[in-house]
Amino acid sequence: MKILSIETSCDETAVSILEATGDESSAHFRVLGNALLSQIDIHREFGGVYPAVAKREHAKNLVPVLAASLEEAELMKEDLQVLPDELRTEISVLLTREPELAEALFAFLDETEVPDIDVIAVTHGPGLEPALWVGVNLARALSLAWNKPIVGVNHMEGHLLSALTKPESEKDFSIQNLELPILGLLISGGHTELMAMESWLSYRLVGQTKDDAVGEAYDKVARMLGLPYPGGPEVSKLAENARERGNTQMPSLPRPMMKDSACDFSFSGLKTAVLYLIKDRALSETEKEEIAHSFEEAVSDVLFAKTSRALLETGAKTLVLGGGVSANTNIRRVFSERMTIEHPEVSLYLPEPRFTTDNAIMIGIAGFYRALKQDYTSPDNLVASGNLSLSPASV
Ligand code: KG4
Ligand code: ZN
């Protein structure tokens, strides 16, 4: 099955084409085309992602990114096409709010053959709704123009499933030999949740943050330390410096809700504790590094303690980390070390670095499994949903 996948939930505009074979017990994927344009340099100027700016950039870049991905997959055949008037009108109506995208899309459709793909997968949530709509509307328009089915993909399912892949070569990877139940720790700018997958692709929320997401806490602490957006990698770099030096002078920070019997998290108290440490004074570079270090130690301790509790509660055989924050060096190290000692019976999956940041390959992977389940949506019914959840209970 050839899957064309689209991701526009936040600040990356991405389109991939995957060739997928197999089924839920053993699947193989090959990347045929993969194009991605990051908006990070634009958002850095504002210190964060503004939905209207993200939407404008997606609308401007999505068709060129689509063309680049098809080109790499050798699926872009030039040919003058006449789109029937009725279809052209339908697509124009659908793209009323994205006139720039409509113009680029018609120019593209008018000179390109229908590509040899089987299904279109698109992120329809969670994320920034205006940004999501751009990808969703492109998918709906392509589905009409090419007469191809659509599957709507949950962005977090993309993070989770892509983290379960094993690389075989630069372009090939597989997902196989998984033991259920699977527990997912999903950590990103908008999410901190423990999700149990007791049967394939059906989820139960085991725990979540009561306030800030862990990535959000990283970004806020970064701002307090005068570091640029996105703050996670910057805080991590400083903390690693302090760790290498050893012997830090900063007090240890609170571990919110660590003793609580539930699997929920809270990070706003930790953020306030960092603010209290800083107290409006000018910090030396060493002090900044040590604060970043204390913050990171508290974060990974809480994440591990809650995950450990959730492993016992669910009897999970597999643990997988996914989302932007799973790129964090210390979290990866703490989980690798402590899992071998404290849960030797559980297999740990950490995403390859290329799957920690947002991308369309992960949407293609999830799209494949959704297509196997015939989870198709008609273009008329597909909507972007900023708060889309994986677990039915918390929709
Ligand atoms: O999954 P993602 O790219 O976007 C969302 O879906 O939210 O996650 C972005 C978040 C940001 O908060 C960013 O600061 C954080 O992931 N992040 C990190 C690291 N790399 C990215 N946090 C800690 N350490 C990192 N190395
Ligand atoms: Zn993400």
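## A buried residue in a loop

With a relative accessibility of 5%, Leu-201 counts as buried, where buried means under 20% relative accessible area, exposed means over 50% and partly exposed lies in between, using a 1.4 Å probe and protein chains only. Leu-201 sits in the loop between S9 and strand S10 (202–208). Its phi is near 65 degrees, a positive value in a residue other than glycine.

This is a predicted model, in which local features need pLDDT of at least 70 and side-chain atom pairs count only at pLDDT 80 or more, while totals for chains, interfaces and linings use all residues. Residues are numbered from 1 along each chain as its sequence is written, chains are lettered from A and ligands numbered from 1 in the order in which they are written, and side-chain values use heavy atoms, leaving out hydrogens and water. Helices (H or I, at least four residues) and strands (E, at least two) are DSSP runs, numbered from the N terminus.

## Positive phi elsewhere

Gln-374 also has a positive phi, of about 60 degrees, although it is not a glycine. You will find Gln-374 in the segment after helix H12 (361–372). Is Gln-374 buried or exposed? With a relative accessible area of 58%, Gln-374 is exposed. Just after H7, Gly-226 takes a positive phi of about 75 degrees.

## H2 beside H4

Now for a pair of helices. Helix H2 (residues 51–72) packs with helix H4 (residues 99–110) at an angle of about 25 degrees, and their axes are 7 Å apart. That makes H2 roughly parallel to H4. Angles under 35 degrees count as roughly parallel, over 145 as roughly antiparallel, 65 to 115 as roughly perpendicular and the rest as oblique; the axes are lines fitted to C-alpha atoms, for helices over the stretch in contact, and angles run from 0 to 180 degrees between N-to-C directions.

Which residues meet here, in H2 and in H4? From H2 come Ala-59, Lys-60, Leu-62, Val-63, Leu-66, Ala-67 and Leu-70, and they meet Glu-100, Leu-101, Ala-104, Leu-105 and Phe-108 in H4, with contact meaning heavy atoms within 4.5 Å. The residues of this contact divide into 10 nonpolar, no polar and two charged. Here Ala, Val, Leu, Ile, Met, Phe, Trp, Tyr, Cys and Pro count as nonpolar, Asp, Glu, Lys and Arg as charged, and the others, Gly among them, as polar.

## H7 and its surroundings

Helix H7 (residues 214–224) and H10 pack at an angle of about 175 degrees, with axes 12 Å apart. H7 and H10 are therefore roughly antiparallel to each other. Val-214, Ala-217, Tyr-218 and Val-221 in H7 meet Phe-295, Glu-296 and Val-299 in H10. By class, the contact of H7 with H10 has six nonpolar, no polar and one charged residues.

Several residues of H7 are buried, including Val-214, Gly-215, Asp-219 and Ala-222. The buried residues of H7 pack against S8, strand S9 (192–199), H8, helix H9 (268–278) and H10.

## Loops and cis peptide bonds

Val-49 has its place in the loop between helix H1 (40–46) and H2. Val-49 and Tyr-229 are 180 residues apart along the chain, yet their C-alpha atoms are separated by 9.1 Å. Pro-230 lies in the loop between H7 and H8.

Another cis peptide bond goes from Leu-180 to Pro-181, with omega near -5 degrees. Pro-181 is found in the loop between strand S7 (172–176) and S8.
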